[in-house]
Amino acid sequence: MTSDIFYAGIDLGSMNSAAVASNSCRAFLPTTVGIPKDGLAATLLGDEPLVGESIEQHKMALKLVRPFQFGALKYGEQIADPPVHAVSYAKKVLRQLTQGLEIPDGQQVRCVMGAPSRSTLENKQTLLSVVREIMPTVALVPEPFAVAYGLFSTARQALIIDVGAGTTDLCHYYGAFPQSDDQATLAVGGDRIDQWLTELIMEEYPETEVTLEAARVIKEMHGDLKSEHGPCEVVLPTKDGESRAYDVSSALAQSCRLFADQLTLAVSDLLRQIPDHFRAEVLSNIVLAGGGSRLHGLGNALERSCSCFGLCKVSAIYDSRFAGADGALKLAMRINDDTWSALTQTTLSEASPSQTLPGAAA
Ligand SMILES: Nc1ncnc2c1ncn2[C@@H]1O[C@H](COP(=O)(O)OP(=O)(O)OP(=O)(O)O)[C@@H](O)[C@H]1O
Ligand SMILES: [Mg+2]
């Protein structure tokens, strides 16, 4: 590690982005831009998309766009909407975010950034094209791996599950860079739960109008994976301009369950690949990260559904906002020059740099 290098860790999320740096600066921002709604708004607010606090200030005059919504561009072949602008919108968010890091002019920067565990070459190229304009020297690592590296100061067996808005990323951690078989990405995260919830409520109550945003708030406040659920009344607008209280408990339970079932399948697949003599330790150390880790009952539901593998203990990290960026920074600061070169060279491939990590030797 050379002291005249400026180190940064970035988590460019589908919904929220965080950045931290070796000078102790920390920044957090929704990955959202606000586009003036009409010609009049453009004359007042300008043509440039707004980010950060100015969005809150002018919300009613803006159309809000999340360039990575549903994991678009970050994972798989989904196309962002509108596709041509998504990358420039993401750059706008990242530029604002990294302003908060107070990067000294002219200083060499080393940045580690999280990417979905199984993102494609194209996804990685897109992410790099977003970040390289601002930080030319950057390496991508799987999002849950960054969380794990930040979390543990010694090598140990763990399974990290990062439940984000766009994707849910899983990684078997054991103190070295993970191989592709140690990881999985589910193309479902909080955004998909919101979509299922919207559809299920409108199917049950066709007269209602439910936005994805409203569904997200309902999910965050009342979502629960407990097996018994009582009524859950929320006030929703109706198509004729009124609003009424509706019991959304069944739609909510169903959408959370759909997610938990898919997650159980992915976790089980990964657990099956772990050699028997390590599996018990992994089972006792399953960690939920990301905003979706706050979904009530998710840990208990996983403990129940994975109990066929043995006694299972699931915990949730304390700070879901900065865990990915903190781990990425720790990695950037700790790896030596050789490992850094290997990491940047393998950033655009599926290979791992094949080096044991500092502070994580078994
Ligand atoms: N209390 C809660 N219950 C359920 N879900 C929650 C809760 N709080 C936040 N979430 C969900 O967490 C998700 C956002 O998590 P996070 O900020 O980790 O995503 P992200 O990192 O931006 O996305 P990704 O990692 O997929 O790119 C949203 O879907 C949000 O609704
Ligand atoms: Mg995330």
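The questions below ask how some descriptions of this predicted model are reached.

The model is predicted, and local features need pLDDT of at least 70, side-chain atom pairs count only at pLDDT 80 or more, while totals for chains, interfaces and linings use all residues. Residues are numbered from 1 along each chain as its sequence is written, and chains are lettered from A and ligands numbered from 1 in the order in which they are written.

Q: What makes β1 and β6 paired strands?
A: Strands are DSSP runs of E with at least two residues, numbered from the N terminus, and two of them pair if DSSP finds at least two bridges between them. Six bridges join β1 (residues 5–12) to β6 (residues 108–115), so the two strands count as paired under that rule. They run parallel, and in β6 the bridge partner of I5 is Q108.

Q: Why is one side of β3 and of β7 left without a neighbour in the sheet?
A: Five strands form an open sheet with mixed pairing, in the order β3-β2-β1-β6-β7. Because β3 (26–30) and β7 (138–142) stand at the edges, each has a single partner strand.

Q: Why is K63 called exposed?
A: A residue is buried if 20 or more other C-beta atoms, placed from the backbone, lie within 10 Å of its own, exposed if 12 or fewer, and partly exposed in between. K63, found in strand β5 (residues 62–65), has 12 C-beta neighbours inside 10 Å, and therefore counts as exposed.

Technical notes
Helices (H or I, at least four residues) and strands (E, at least two) are DSSP runs, numbered from the N terminus.
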